[in-house]
Amino acid sequence: MSNTYPIGTPGQPWGKEEKSQWLNTVSIKRSYQEEVVTKIEALKNRFDIEQYGALSYNVARYPQFGICSRNIDASKPTILITGGVHGYETSGVHGALKFLDIEAQNYTEYFNLVVAPCVSPWGYETINRWNPQAVDPNRSFYENSPSEEAKNVMEWVKGLGLKIFTHIDLHETTDTDESEFRPALAARDGKEYEEDIVPDGFYLVGDTDMPNTEFQTAIINEVRKVTHIAPADDQGNIIGAPLEQEGVINYPTKKLGLCSGFTNCQYGTTTEVYPDSPKVTNDECNDAQVAAVRGALNYLLSIR
């Protein structure tokens with residue numbers, strides 16, 4: 001077995017000792033309070049803001065916030081937007097906040113908007129995919145979740161008492177997926193790391209059980225105005241999954257415990273921005289996330 005990750009024994013899943021060794025390699029690299037919470041607080045005059053949880057790793061440092069449009073009306077469709085499920089995926093967080101700041105009020109007449117902009121604040125600060133227990137929140141959206149991040153946001157959404165019509169989960173695919181996170185995953189699980197190609201461009205992950213092809217197309221067509229769409233590899237795949245249409249692959253979201261699958265919504269998608277491309281800037285990555293939400297909502301308005 002050719003796994004060369006520096007922690008663990010090839011072929012053997014990690015135990016407590018290996019997870020502790022991994023955690024000792026992690027450090028704070030940026031401020032959730034300064035970069036995210038301040039932007040959330042700046043929205044308080046236009047939206048209802050609620051602290052729905054706090055991570056036990058440091059309750060004061062890692063509060064979790066939900067943001068809702070005012071005058072929630074159960075007769076309107078409810079749109080859930082989540083960002084920062086993987087805390088290191090920066091544009092998912094800042095794209096959600098930018099949408100709220102510059103475009104959300106164009107849609108509040110028609111929809112209830114419910115937004116959890118940074119589900120994993122510890123992951124945001126440490127620029128990490130996992131939580132401190134080496135658990136991936138975005139494989140943990142199921143009952144009795146091992147992830148506080150996932151558990152808290154699921155409980156908050158359930159407690160709202162609203163049927164989620166559409167769920168848009170904002171993510172990124174980065175070069176570190178291949179250089180760090182997938183090798184770490186293979187080592188953690190005692191498996192051999194199989195190298196893959198990081199797609200250069202934006203793509204979507206739909207739900208195998210409910211692909212909503214036209215919905216995904218509308219999002220892609222809006223995003224292409226902002227950034228380029230990822231091509232398939234030589235096998236016709238993106239990250240190992242066959243292309244369903246340009247820029248779109250499908251996963252069994254509920255079976256995999258993905259965030260976009262926990263709401264049983266009618267329309268769901270996961271965005272994937274590629275911030276490491278030389279063709280884009282950070283602002284363009286945030287704008288691509290905004291465009292994805294805009295494309296989704298405009299499509300939903302067109303079929304009312």
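This section describes the pockets, the cavity and the helix packing of a predicted model.

The largest share comes from H6, which provides eight residues. In terms of residue class, the lining of the largest pocket contains 18 nonpolar, seven polar and 16 charged residues.

The second largest pocket holds about 340 Å³ of space. It is lined by 16 residues, with Lys151, Met154, Glu155, Lys158 and Phe262 closest to the centre. Helix H5, spanning residues 148-159, gives the most to this lining, contributing five residues. Seven nonpolar, four polar and five charged residues make up the lining of the second largest pocket.

One cavity of 30 Å³ or more is present in the structure, and the volume of the largest cavity is about 30 Å³. Its lining is formed by Gly201, Phe202, Thr227, His228, Val273, Tyr274 and Val280. Of these residues, four are nonpolar and three are polar, and no charged residue takes part in the lining of the largest cavity.

Helix H2 (residues 32-41) packs against helix H3 (residues 90-102) at an angle of about 15°, and the two axes lie 11 Å apart. Because this angle is under 35 degrees, H2 is roughly parallel to H3. The two helices cross with left-handed geometry. On the H2 side the contact involves Glu35, Val36, Lys39 and Ile40, while H3 contributes Val93, His94 and Leu97. The contact of H2 with H3 consists of four nonpolar, one polar and two charged residues.

Helix H3 also packs against helix H8 (residues 282-302), here at an angle of about 60° and with the axes 8 Å apart. H3 and H8 are therefore oblique to each other, and their crossing is right-handed. From H3, the contact is made by Ser91, Gly92, His94, Gly95, Lys98 and Phe99, and from H8 by Asp283, Cys285, Asn286, Asp287, Gln289, Val290, Val293 and Leu297. The residues of the contact of H3 with H8 comprise five nonpolar, six polar and three charged.

The crossing of H7 and H8 is right-handed. The H7 residues Glu214, Phe215, Ala218, Ile219, Glu222 and Val223 meet Ala288, Ala291, Ala292, Arg294, Gly295, Ala296, Tyr299 and Leu300 of H8. By class, 10 nonpolar, one polar and three charged residues form the contact of H7 with H8.

Conventions:
Residues are numbered from 1 along each chain as its sequence is written. This is a predicted model: local features need pLDDT of at least 70, side-chain atom pairs count only at pLDDT 80 or more; totals for chains, interfaces and linings use all residues. Side-chain values use heavy atoms; hydrogens and water are left out. Helices (H or I, at least four residues) and strands (E, at least two) are DSSP runs, numbered from the N terminus. Ala, Val, Leu, Ile, Met, Phe, Trp, Tyr, Cys and Pro count as nonpolar, Asp, Glu, Lys and Arg as charged, and the others, Gly among them, as polar. On a 1 Å grid over the protein atoms alone, a cavity is a set of points where a 1.4 Å probe fits but cannot get out, and a pocket is an open set with protein on both sides within 12 Å along at least five of seven lines; lining residues have an atom within 4 Å of a point. Grid points are joined across faces, edges and corners, and a volume is the space filled by probe spheres set on the points. Axes are lines fitted to C-alpha atoms, for helices over the stretch in contact, and angles run from 0 to 180 degrees between N-to-C directions. Angles under 35 degrees count as roughly parallel, over 145 as roughly antiparallel, 65 to 115 as roughly perpendicular and the rest as oblique. A crossing is left-handed if the near helix is turned anticlockwise from the far one by less than a right angle, and right-handed if clockwise. Contact means heavy atoms within 4.5 Å.
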